[in-house]
Amino acid sequence: MAIKRTDGRKFDELRKMYAKVGVVPNADGSAMFSFGDTIAIAAVYGPKKMHPQHMQDPEKGTLRFTYNMLSFSVTDRIRPGPSRRSQEISKVSEWAIDPVLMIDKFPNNVVDVHVNILQANASTRCAGINAAVLALAHAGITMKNIVSSVSIGKLDKELVVDVSKEEEDYSEGEGATDIPITFTGDGKLTHIQLDGKITTEQLKEAVKLAKKACEEIYEVQKKALKESIK
Amino acid sequence: MTERKIVIPGEIIVSGDKYLPGEGTEKKDNDIIAIIYGLSEETRGLVKVIPLSGVYHPRRGNVVIGKVENVTFNGWVIDITAPNNAFLSLTEVPRYINKDGLEEVMDIGDMVVAKIWNINKRGIDLSIKSRDFGKIEEGMIIKINPNKVPRVIGKEGSMVNLIKNETGCNITVGQNGLIWISGDKIENELLAKKAVIFVTEKSFIEGLTDKLKEWFDKEK
């Protein structure tokens, strides 16, 4: 029996994306990014002086990424505040963005990125990274390029692009697999994670799929940035 | 000069040997790419990107308005709403000052108009060696988005001069987005403030100087 996706999408079809720049008036830069029901809002503050002073780096600036899932973002209320999961995602997202950021232009300074997940339906870290990079560009931070992130899932043996919650938990056959991948605008990989099991051949295929999907996301991000100024 | 266009980081602005990378751009192989988000502009081969959003980045020669944050033994630490604090040295004050009485010249909380004369690794150095600079004694200070400052000043100061003439107020625009308005009557100062806010809100409209003239006629 051929496997079908629960929402009737094709295997390489992304959910409807939406991006908007300048959503938080008090921030120096802000953006929103959504994959279907997954909505992330990013706000950037800075570059500003690093406090406390002993954390200052006179050689280069610091990027501080905070990922936070709001308590009402999922069906079962989650405990608000930092958790082991959110700390891990913050760190991983920081590393995904860091290669494109020219943070050495701001010695002794810190750039704060706050990502809040308003609504979650899987791929939250990908939506978070996509929103964060738009917000960083909007804040006028120097960077070599922008990054786009997507998650690849596996329904038994079939690779699918941009997983939803049901697909993320699809445990029949080979088991639940979720691979978030981040690419820069010129096709370089900055971040890849794997939760589950996959063969080397299929992983290569997954990276190829992600690259194609990221190009699509890049266009959405580019459009959002260009259209924010009329 | 070519047409201005909005560019995003990583986007190729122009390619070819005859172009030079300016501010906000970088040379990569044979292409000039943008490294910040903003408007790209090319004049006689020099390509640059003008930022449209974000925090204020100090430049040498900028006139800024700041607040005295601390008094040290040889000068003042001044907050100019930039990532780093600026320092106004005693030697950059054009008159004699008793070294024990720095607070009497400028105390914590005082506002000052100054010029950035040097930026180095250690910080920003300010100077008040000119007639227009120094401590602000009276008037009001308003804060606008620093990216809107060029619009408030206008072409060769046309916009700010119009506001000055219409309201009779003295206006000093700091590049960091702080604006000092001082007039003889509070009504005039408030009118000038309203005019500045009008300009920042309508900053994307073309021919704004004429629009502002109409607005002044209506307000009076």
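A: Two strands pair if DSSP finds at least two bridges between them. Helices (H or I, at least four residues) and strands (E, at least two) are DSSP runs, numbered from the N terminus. This is a predicted model, in which local features need pLDDT of at least 70 and side-chain atom pairs count only at pLDDT 80 or more, while totals for chains, interfaces and linings use all residues. Residues are numbered from 1 along each chain as its sequence is written, and chains are lettered from A and ligands numbered from 1 in the order in which they are written.

Q: What strand order does the open sheet of four strands in chain A have?

A: Strands of a sheet pair through backbone hydrogen bonds, either parallel or antiparallel. In chain A the order is 7-6-8-9, with antiparallel pairing. Strand 7 (158-161) and strand 9 (189-192) of chain A stand at the edges with a single partner strand each, so one side of each has no neighbour in the sheet. From one strand to the next the twist averages 25°; axes here are lines fitted to C-alpha atoms, for helices over the stretch in contact, and angles run from 0 to 180 degrees between N-to-C directions.

Q: How many bridges pair strand 8 and strand 9 of chain A, and which helices pack on the sheet?

A: Strand 8 (residues 177-184) of chain A pairs with strand 9 of chain A over three bridges, in the antiparallel sense. Within this pair, A:F183 stands opposite A:L189. Helix 1 (residues 84-97) of chain A packs on the sheet and touches strand 6 (147-155), strand 8 and strand 9 of chain A. Contact between two residues requires their C-beta atoms, placed from the backbone, to lie within 7 Å. The direction of helix 1 makes about 165° with that of strand 9 of chain A. Helix 4 (residues 200-227) of chain A also packs on the sheet, touching strand 6, strand 7 and strand 8 of chain A; its direction makes about 135° with that of strand 6 of chain A.

Q: Is helix 2 of chain A buried or exposed?

A: A residue is buried if 20 or more other C-beta atoms lie within 10 Å of its own, exposed if 12 or fewer, and partly exposed in between, with C-beta atoms placed from the backbone. In helix 2 of chain A, 15 of the 15 residues are buried, so the helix is largely enclosed by the rest of the structure. Helix 2 covers residues 124-138 and reaches 21 Å from its first C-alpha to its last, close to the 21 Å expected; the expected span is 1.5 Å times one less than the number of residues. A:G140, with a positive phi near 75°, follows the helix.

Q: Which strands of chain B do hairpins join?

A: A hairpin with two residues joins strand 8 to strand 9 of chain B. Strand 8 (residues 63-72) and strand 9 (residues 75-79) of chain B run antiparallel, joined by five bridges, and B:T72 stands opposite B:G75. Strand 9 and strand 10 of chain B form a hairpin with six residues between them, where B:T81 in the turn has a positive phi of about 55°. Four bridges join strand 9 to strand 10 (residues 86-89) of chain B, again antiparallel, and B:I78 stands opposite B:A86.

Q: How many residues of chain B are in contact with chain A?

A: The contact involves 15 residues of chain B and 25 residues of chain A. The chain B side divides into eleven nonpolar, four polar and no charged residues. Ala, Val, Leu, Ile, Met, Phe, Trp, Tyr, Cys and Pro count as nonpolar, Asp, Glu, Lys and Arg as charged, and the others, Gly among them, as polar.
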